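Have the sequence and the 3D view open as you read.

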Amino acid sequence: MTVAENPTTVAPGTVPLRRNRRFQTLWAGSAAAMLGTCVADTAYPLLLLAMTGSPTLAGAFGAVQFGASVLFGLHGGAVADRHDRRRVLIVADTVRLLTALSVAVALLAHRLTVPHTLLAAAAIGATMAYGGPARMLALRAVVPPEQLRQALSQDELRVNGAALAGPPLAGLLLGLGRAVPFLATVLASAAALGASIAVRFDSGTTDGATGGTTGGTTDDAADGGKEKGAVFAGLRYLLTDPTLRATVLVTVALNLAGSAMLLAVMVLLRDHGISEAGTGLALTGEAVGGLLGAPLVTRLHRTLAPGTLLLAVAWSAALLFLVPAFAVGPVVVFAALAAMSLGVPALRVMLDVLVFQQVPEAMRGRAVAATMTLLMTGLPVGTMTAGLLLDHLPATTVLPLLAALFAAGLLPLTLGRSLRGTSWPKA
């Protein structure tokens, strides 16, 4: 059995992941950055709401942040392929640190304004676009191929742990003082910046570097992000390869349907008199499911082929969409979201492994950025779609409708060969 077939096989003499100082340092910095982001995503809207009393302005923070991430997303991947990724990461972490510091200082001086806050949102969104691909590839550059799945599984703990702890921590810190959560994000950004400075890693930007054999073109890979239209090369590569295209499309559809389902569930709980606190606790089922699913990544990858895993997670989600519609309550919603999220870490790691293993090195930043941008775009589209449906239909009707639409989209890919015939790439 090859290393690719058995993710737990480790080459002789390889340092155990827990003793890999470079990975653990970068991982700790990334965990701090993620926690700071989750705290900020909750604290900024709450602050704007307290400052202005306007829900529209409170929501504008997320809209501006998201818009900046999407606007600069593909260019961020090209920058990661064209320049030293460590330097890109250091610059992004520095900008985020200075942004958080400017808000904290303005609050302490009682000088913070709405335009300042929205500029901070744009800066944070831009740092996500440029620093995101560089950080993802940095974490993966400091571990050997045979430990990649183990490293990615640990990274899932960072993502889901921050998603679970960030919102309540933001509320707690905001209760101590308006500037406190932003001082906390300054510390988190400083920890991330310190890790980026402390760890040297292969930037992966050598001209002409190639790897993988499927999809895309050699010219796209070799241009290093310098040629005209190179910013779209990663997107072209993903959409040209049948397996990667099907994988990305199903994942985007799952993201879109999941965000729509969350809004429908929130409306459903509200209609049944569930308090905001109860709704918030019910929605933590998504993060809890992700935390519980992280240790299952290796086992699921060993048991299932990529396409089978993707379809199993997607069809399970389609069925679980129906549960809250027929058994309403925060406990039911929590359980459904947790069950739906159990396979998501394995799915994210699968997508990462496919891109990491198959996309040429010189194009990885753009491929990662294209994937991140597509996934992010699914969130507002799903929420907007659900909102339009909920304006005319009850939530108990919208949830089965979402399940039916999602299943209809899955059916052609389930019956086709592009996913059913996939196998794990060789290490």
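## A leucine tucked away

Leucine 89 is buried, with a relative accessible area of 1% (buried means under 20% relative accessible area, exposed over 50%, partly exposed in between, with a 1.4 Å probe and protein chains only). You'll find leucine 89 in helix H3, residues 85-108. Helices here are DSSP runs of H or I with at least four residues, strands are runs of E with at least two, and both are numbered from the N terminus.

What does leucine 89 touch, once neighbours within four places in sequence are set aside? Its contacts are Gly131, Ala134, Arg135, Ala138 and Ser196, where contact means heavy atoms within 4.5 Å. Serine 196 sits 107 residues away from leucine 89 in sequence, yet their C-alpha atoms are 6.7 Å apart.

## What you're looking at

This is a predicted model, so local features need pLDDT of at least 70 and side-chain atom pairs count only at pLDDT 80 or more, while totals for chains, interfaces and linings use all residues. Residues are numbered from 1 along each chain as its sequence is written, and side-chain values use heavy atoms, leaving out hydrogens and water.

The protein chain has 19 helices and zero strands. Of its 427 residues, 50% count as buried. Among contacts with a separation of 6 or more, 86% link residues 24 or more positions apart.

## The cores

A nonpolar core is a set of buried Ala, Val, Leu, Ile, Met, Phe, Trp, Tyr and Cys residues joined through side-chain atoms within 4.5 Å. The largest one has 80 residues, and Phe23, Phe321 and Phe406 touch the most other members. Helix H9 (residues 242-271) supplies the largest share of this core, 15 residues. Beyond its neighbours within four places in sequence, phenylalanine 321 contacts several residues, including Met261, Met340, Leu402 and Phe406.

Apart from that core lies another, of 19 residues, among them Leu47, Leu48, Phe61 and Val103. Threonine 117, in helix H4 (residues 114-141), is buried, with a relative accessible area of 0%. Leaving aside neighbours within four places in sequence, threonine 117 is in contact with Tyr44, Leu48, Phe61 and Leu112.
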